[in-house]
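I opened this model to look up a handful of local features. My notes follow in the order I took them.

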Amino acid sequence: MANLKVEGIKGLEFKEIESEIDRGAKFVIYTSVISILVMTFKNPSPIIFVRGTESRMGRGISYTLTSMLLGWWGFPWGFVYTPIAIINNLAGGKDVTPEVMAEFEAAEERRENRKRLAEQQPPQPAPN
């Protein structure tokens with residue numbers, strides 16, 4: 001599929017992903033915050049595919065715990081970014097489903113167009 005790095009879709013075809021989305025699945029990004037005195041690092045997760053039967057909050061728990069333990073220790077941004085990350089993660093992360101699906105749909109359309117073009121072209125003669 002598209003050149004996106006997405007966890008949790010290995011082996012799934014586009015139609016299967018669409019079906020999962022219809023049943024409540026989401027593409028989500030979580031944030032972890034790690035601070036060291038005057039330096040604070042706000043790190044997004046890869047895009048994670050969370051099926052409709054899974055808890056979005058549960059899938060992001062490692063990012064939430066990392067922020068809870070290591071985010072506060074930087075001044076001043078640790079105190080700012082850490083609660084924001086924790087609240088967003090506990091709310092299920094940032095939903096990027098529309099953007100990801102737009103990328104996948106464009107990639108699927110390109111694949112279908114290439115397939116159609118290949119079927120329309122006459123076979124090439126073998127070189128002598």
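**Entry 1: Ile47 and its surroundings**

I listed the contacts of Ile47, leaving out residues up to four places away in sequence: Lys5, Val6, Glu7, Phe27, Val28, Ile29, Val96 and Val100. I note here that the model is predicted. I placed Ile47 in strand β5. Is Ile47 buried or exposed? Its relative accessibility is 15%, so I put Ile47 down as buried, the cut-off being under 20%. I also took a distance to Ile36, which is eleven residues away along the chain. The two C-alpha atoms are separated by 26 Å.

**Entry 2: aromatic pairs**

How many aromatic pairs are there? I counted five aromatic pairs, taking ring centres within 6.5 Å as the rule. I looked at Phe27 and Phe49. Their ring centres are 4.9 Å apart and their planes stand at 40°, so I wrote the pair down as tilted. Stacked would need under 30 degrees and edge-to-face over 60, so 40° falls in the class that remains. I then checked where the two residues sit. Phe27 belongs to strand β2 (residues 26–29), and Phe49 to strand β5 (residues 47–50). They are 22 residues apart, and the pair links distant parts of the chain. Both Phe27 and Phe49 are buried.

I went on to Phe75 and Phe79. Here the ring centres lie 6.3 Å apart and the planes meet at 70°, so this pair is edge-to-face. I looked up the accessibility of each partner. Phe75 has 60% relative accessibility and therefore counts as exposed. Phe79 has a relative accessible area of 48%, so I logged Phe79 as partly exposed.

Which residues do ring pairs link into a cluster? I found Phe27, Phe49 and Phe104 joined in this way. One more ring went into the notes, that of Tyr81. The charged end of Lys42 sits over this ring, 4.5 Å from its centre.

**Entry 3: the loop between α3 and α4**

I came back to Phe75 for its backbone. The peptide bond from Phe75 to Pro76 is cis, and its omega is near 0°. Pro76 is in the loop between α3 and α4. Its relative accessible area is 35%, so I marked Pro76 as partly exposed.

**Entry 4: α3 against α4**

I turned to the helices on either side of that loop. Helix α3 (residues 61–70) packs with helix α4 (residues 77–90) at an angle of about 160°, and the axes are 9 Å apart. The two are therefore roughly antiparallel to each other, since the cut-off is over 145. The crossing of α3 and α4 is left-handed. Which residues meet at this packing? From α3 I listed Tyr63, Thr64, Ser67 and Met68. From α4 I listed Thr82, Ala85, Ile86, Asn89 and Leu90.

**Entry 5: α1 against α5**

Helix α1 (residues 14–22) and helix α5 (residues 97–120) have axes 11 Å apart and pack at an angle of about 155°. They too are roughly antiparallel, because the angle is over 145. I noted a left-handed crossing for α1 and α5. On the α1 side I have Phe14, Ile17, Glu18 and Ile21. On the α5 side I have Thr97, Met101, Phe104, Glu105 and Glu108. Phe104 is also in my note on the ring cluster with Phe27 and Phe49.

I stayed with α5 for Glu99, which is in this helix. Glu99 has 48% relative accessibility and so counts as partly exposed. I took its C-alpha distance to Ile48, 51 residues away along the chain, and got 13 Å.

**Entry 6: Leu37**

Last, I checked a backbone angle. What is phi at Leu37? It is positive, about 50°, although Leu37 is not a glycine. I located Leu37 in the loop between β3 (31–36) and β4 (39–44). With 65% relative accessibility, Leu37 counts as exposed.

Methods. Residues are numbered from 1 along each chain as its sequence is written. This is a predicted model: local features need pLDDT of at least 70, side-chain atom pairs count only at pLDDT 80 or more; totals for chains, interfaces and linings use all residues. Side-chain values use heavy atoms; hydrogens and water are left out. Rings of Phe, Tyr and Trp (its six-membered ring) pair if their centres lie within 6.5 Å; planes under 30 degrees apart count as stacked, over 60 as edge-to-face and the rest as tilted. Helices (H or I, at least four residues) and strands (E, at least two) are DSSP runs, numbered from the N terminus. Buried means under 20% relative accessible area, exposed over 50%, partly exposed in between (1.4 Å probe, protein chains only). A charge sits over a ring if NZ of Lys or CZ of Arg is within 6 Å of the ring centre and within 35 degrees of the ring normal. Contact means heavy atoms within 4.5 Å. Axes are lines fitted to C-alpha atoms, for helices over the stretch in contact, and angles run from 0 to 180 degrees between N-to-C directions. Angles under 35 degrees count as roughly parallel, over 145 as roughly antiparallel, 65 to 115 as roughly perpendicular and the rest as oblique. A crossing is left-handed if the near helix is turned anticlockwise from the far one by less than a right angle, and right-handed if clockwise.
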